[in-house]
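Please look over the sequence and the model shown here before reading on. The paragraphs after it are meant to be read beside the structure.

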Amino acid sequence: MTYVVTDACVRCKYMDCVEVCPVDCFYEGENMLVINPNECIDCGVCEPECPAEAILPDTESGLEKWLEVNTKFSAEWPNITVKKETPADADEYKGVENKFETLFSPNPGEGD
């Protein structure tokens, strides 16, 4: 099992999760974070830290797409281990559905 970041992170990117991760398995895109499933130790400390409830265990049904997204982009984006400032409009996008299809950017973030 691993944890994955889902659609709820797009345009929210609160980053509370990166500070609690003991193995630094988060990677930063322009407007979303992902988890490297090969580095995640399944501790689960990140899940309750996410204000957008975007982090879920991959054992929940229907998350195969998110496992693929996290695997692909964690190999392309820079590692992030320190919480940065939350985007100013994050709360406006919290709870919006289907953000991956309409708002996702494949561009990398800055990382640490």
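What follows goes from the overall fold to the cysteines, then to one threonine and a pocket.

This is a predicted model, in which local features need pLDDT of at least 70 and side-chain atom pairs count only at pLDDT 80 or more, while totals for chains, interfaces and linings use all residues. Residues are numbered from 1 along each chain as its sequence is written, and side-chain values use heavy atoms, with hydrogens and water left out.

The protein chain contains four helices and four strands; helices (H or I, at least four residues) and strands (E, at least two) are DSSP runs numbered from the N terminus. Read from the N terminus, the order of elements is β-α-β-β-β-α-α-α. The C-alpha trace of the protein chain spans about 30 × 30 × 25 Å along its principal axes. Of the 112 residues, 46% are buried, where buried means under 20% relative accessible area, exposed over 50%, and partly exposed in between (1.4 Å probe, protein chains only).

How many disulfides does the whole structure hold? The search finds zero, a disulfide being a pair of cysteine sulfur atoms within 2.5 Å. For cysteine 21, the closest cysteine sulfur is in cysteine 25, and at 3.6 Å it is too far for a bond. Cysteine 40 is in no disulfide either, as its nearest cysteine sulfur, also that of cysteine 25, is 4.7 Å away. Cysteine 21 is buried at 11% relative accessible area, and cysteine 40 is buried at 14%.

Threonine 71 sits in helix α2, which covers residues 64–74. With a relative accessibility of 35%, threonine 71 is partly exposed. Its side chain reaches the backbone oxygen of leucine 67 at 2.7 Å. Asparagine 38 is 33 residues from threonine 71 along the chain, yet their C-alpha atoms are separated by 8.1 Å.

The lining of the largest pocket consists of Asp7, Ala8, Trp66, Gly95, Val96, Glu97, Asn98 and Glu101. By class, the lining has three nonpolar, two polar and three charged residues; Ala, Val, Leu, Ile, Met, Phe, Trp, Tyr, Cys and Pro count as nonpolar, Asp, Glu, Lys and Arg as charged, and the others, Gly among them, as polar. A pocket here is an open set of points on a 1 Å grid over the protein atoms alone, where a 1.4 Å probe fits, with protein on both sides within 12 Å along at least five of seven lines; lining residues have an atom within 4 Å of a point.

Technical notes:
Polar contact = N/O pair within 3.5 Å; in protein donor to acceptor, adjacent residues only side chain to side chain.
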